[in-house]
Amino acid sequence: MTPKVDRRSVLAGAGAAAAGAVSSPARALCTPGTTIPTYRTASDLVEALAARRTSARELVDAAIARIEALDPKINAVVVRDFDRARAAADAADAALARGEGRALLGLPMTVKEQFNIAGLPTTWGFPKYRDWRPDADALAIQRLKAAGAIILGKTNVPISLVDWQSYNDVYGTTNNPWDLTRSPGGSSGGAAAALAAGFVPLEFGSDIGGSLRAPAHFCGVFSHKPSLDLVPQRGSGPPQTPAIPVRGDLAVIGPMARSAADLALQLSVVAGPDELMEGIGYKLVLPPARHEKLAEFRVLVIDAHPLCPTANSIQKALNDLADRLGKAGCTVLRDSPKLPDLALTSRVYRKLLSVSFAADLSPEAIARVEAAANALPPDDQSYNASRLRGVTMSHPDWIRESRIRSGLRARWQALFQDVDVVLYPPMPTQAFPHDHSPQYARELDVDGTKIPYNDQSVWAGIAILTGMPSTTMPIGQGDGLPIGMQITGGYLEDRTTIAFADLVEREFGGFTPPPNI
């Protein structure tokens with residue numbers, strides 16, 4: 001019997017069976033020499049597999065052919081496991097013939113290079129780890145495979161996963177499928193590029209400073225930054241570190257796709273406590289989405305940040321969508337007395353992020369940063385000053401900042417008593433040109449204003465600091481490049497942000513393929 005799961009149950013997290021067909025605004029493009037559409041959703045392909053209208057081997061062979069034909073100019077899929085993928089596809093077809101039904105059975109996908117896969121290199125872009133291969137899969141990869149996903153390989157990252165570009169000395173530079181001279185984002189840049197290029201319908205990435213959201217915004221795809229600790233991170237740490245259960249402080253891992261329903265489908269597979277830790281006593285029961293109709297949502301829109309300018313193109317796209325949401329019946333607010341202090345939120349985030357990176361800095365590098373921090377005027381409250389001061393924080397300082405974080409989390413949660421979602425930009429600009437100069441010397445051009453390169457994490461830090469879920473989706477274009485928005489909700493209300501993205505996608509459209517790929 002062929003299992004059926006409709007869009008509503010997928011968005012509710014059912015995900016234990018194959019999903020039913022989901023319409024997508026993207027046109028179905030076909031790889032040369034095959035009738036398999038390149039840009040079909042994962043949900044649609046899983047339904048087609050279950051109905052035996054296509055085979056896993058056909059999907060895998062088509063994906064490999066497209067990667068081999070187009071990836072030389074994009075360089076997204078940098079670790080390839082095609083032989084094992086073909087064998088897995090044959091096994092999936094045999095399982096389908098036996099009538100088995102699993103959420104992703106027979107579906108090809110790729111994952112970020114960060115995640116351990118037995119027998120494949122995990123380098124994080126460091127040449128010294130080029131030959132290291134873990135002997136076990138990361139827990140999230142285990143869950144994806146158990147659901148029937150077929151991993152074709154891994155996608156490119158910046159060195160140490162610390163950039164909004166994706167280049168390193170091991171694998172080279174990944175280009176944006178919309179404009180090869182521009183960044184696809186980072187650190188899940190190869191993942192977003194693979195989705196936008198039509199290589200695979202699903203990807204899996206991570207985020208501590210916008211690494212899921214910036215690439216989705218730059219490449220015009222969807223991503224979901226889950227609530228903190230919703231998806232366990234065992235096996236996603238730096239190369240050669242023990243694959244043990246870990247609690248998150250800022251970082252999360254989560255799904256990427258070309259539709260909101262596919263985010264929900266993949267999240268339903270990977271979410272839930274680590275069986276070796278919280279899973280001993282806890283089970284995951286997420287609340288359902290707050291509403292089923294777009295007009296029922298209460299929406300707060302924020303288009304400006306006090307610590308960093310945002311490009312006019314991004315503000316216009318967001319405000320245009322807000323106007324359309326109002327006409328569609330949503331309650332749209334432009335301000336709220338409960339809105340927490342954005343500047344304070346970002347400063348605390350930047351300090352806690354910086355001190356987390358400091359653990360891996362050399363003593364010489366820390367000394368240089370400490371000298372720069374000591375030279376700051378006491379009244380310098382810029383975002384860059386928070387970065388410098390954060391690197392040199394003591395443990396008592398960290399505790400004090402974390403107490404402030406707890407208060408901010410409570411205030412953000414109180415905001416969601418009055419609104420259902422908050423909409424704001426993922427990044428201050430659209431995809432920018434490649435820039436491989438030293439990172440801390442770079443500047444970013446925002447409509448003619450030069451800002452420190454690392455200031456662009458202000459928008460990303462809101463949901464990271466508070467642990468809230470944030471879904472990113474495409475909402476328009478400017479000068480031939482995609483523009484996205486973040487949809488942030490209350491802690492553990494991941495189904496609400498994804499459901500809202502799904503409703504917006506159905507009403508106004510979503511992913512559009514790059515025109516010149």
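Which residues of H4 are buried? They are Phe 82, Ala 85, Ala 89, Ala 92, Asp 93, Ala 95 and Leu 96, where buried means under 20% relative accessible area, exposed over 50% and partly exposed in between (1.4 Å probe, protein chains only). This is a predicted model, in which local features need pLDDT of at least 70 and side-chain atom pairs count only at pLDDT 80 or more, while totals for chains, interfaces and linings use all residues. Residues are numbered from 1 along each chain as its sequence is written, and side-chain values use heavy atoms, with hydrogens and water left out. Helices (H or I, at least four residues) and strands (E, at least two) are DSSP runs, numbered from the N terminus.

**Helix H4**

- Seen down the axis of H4, the buried residues fall within an arc of 155 degrees, so they line one face of the helix; the arc is that of the directions from the helix axis to the C-beta atoms.
- Asp 83 and Ala 97 are exposed, on the face of H4 turned away from its buried side.
- Cover for the buried residues of H4 includes helix H2 (42-50), helix H3 (56-74), strand E1 (77-80) and strand E3 (150-155).
- H4 has 16 residues (82-97) and should span 22 Å at 1.5 Å a residue, which agrees with the 22 Å between its end C-alpha atoms. The expected span is 1.5 Å times one less than the number of residues.
- Gly 99, which follows H4, has a positive phi near 90 degrees.

- Nine of the nine residues of H14 (residues 458-466) are buried, so the helix is largely enclosed by the rest of the structure.
- The buried residues of H14 include Trp 459, Ala 460, Ala 463 and Thr 466.
- Helix H10 (residues 342-358) packs against H14 at an angle of about 80 degrees, with the axes 9 Å apart. Axes are lines fitted to C-alpha atoms, for helices over the stretch in contact, and angles run from 0 to 180 degrees between N-to-C directions.
- That makes H10 roughly perpendicular to H14, a label for angles of 65 to 115 degrees; under 35 counts as roughly parallel, over 145 as roughly antiparallel and the rest as oblique.
- On the H10 side, the contact (heavy atoms within 4.5 Å) is made by Leu 342, Thr 345, Ser 346, Val 348, Tyr 349 and Leu 352. On the H14 side are Val 458, Gly 461, Ile 462, Ile 464 and Leu 465.
- H14 is followed by Gly 467, with a positive phi near 75 degrees.

**Asp 420**

- Asp 420 sits in the loop between helix H13 (395-415) and strand E11 (421-424), and is buried at a relative accessible area of 2%.
- The Asp 420 side chain makes a polar contact of 3.0 Å with the side chain of Arg 290 and one of 2.9 Å with that of His 291. A polar contact is a pair of N or O atoms within 3.5 Å; within protein, one must be able to donate a hydrogen and the other to accept it, and residues adjacent in sequence count only if both atoms are side-chain atoms.
- Leaving aside neighbours within four places in sequence, Asp 420 is in contact with residues including Glu 296, Phe 297, Arg 298 and Thr 488.

**Backbone points to check**

- Most residues other than glycine have a negative phi, and most peptide bonds are trans.
- Arg 52, not a glycine, has a positive phi of about 65 degrees. Arg 52 lies in the loop between H2 and H3 and is partly exposed at 46% relative accessibility.
- Ser 160, not a glycine, has a positive phi of about 65 degrees. Ser 160 lies in the loop between E3 and strand E4 (167-168) and is partly exposed at 28% relative accessibility.
- The peptide bond from Gly 186 to Ser 187 is cis, with omega near 10 degrees. Ser 187 belongs to the loop between strand E5 (172-173) and helix H6 (189-196).
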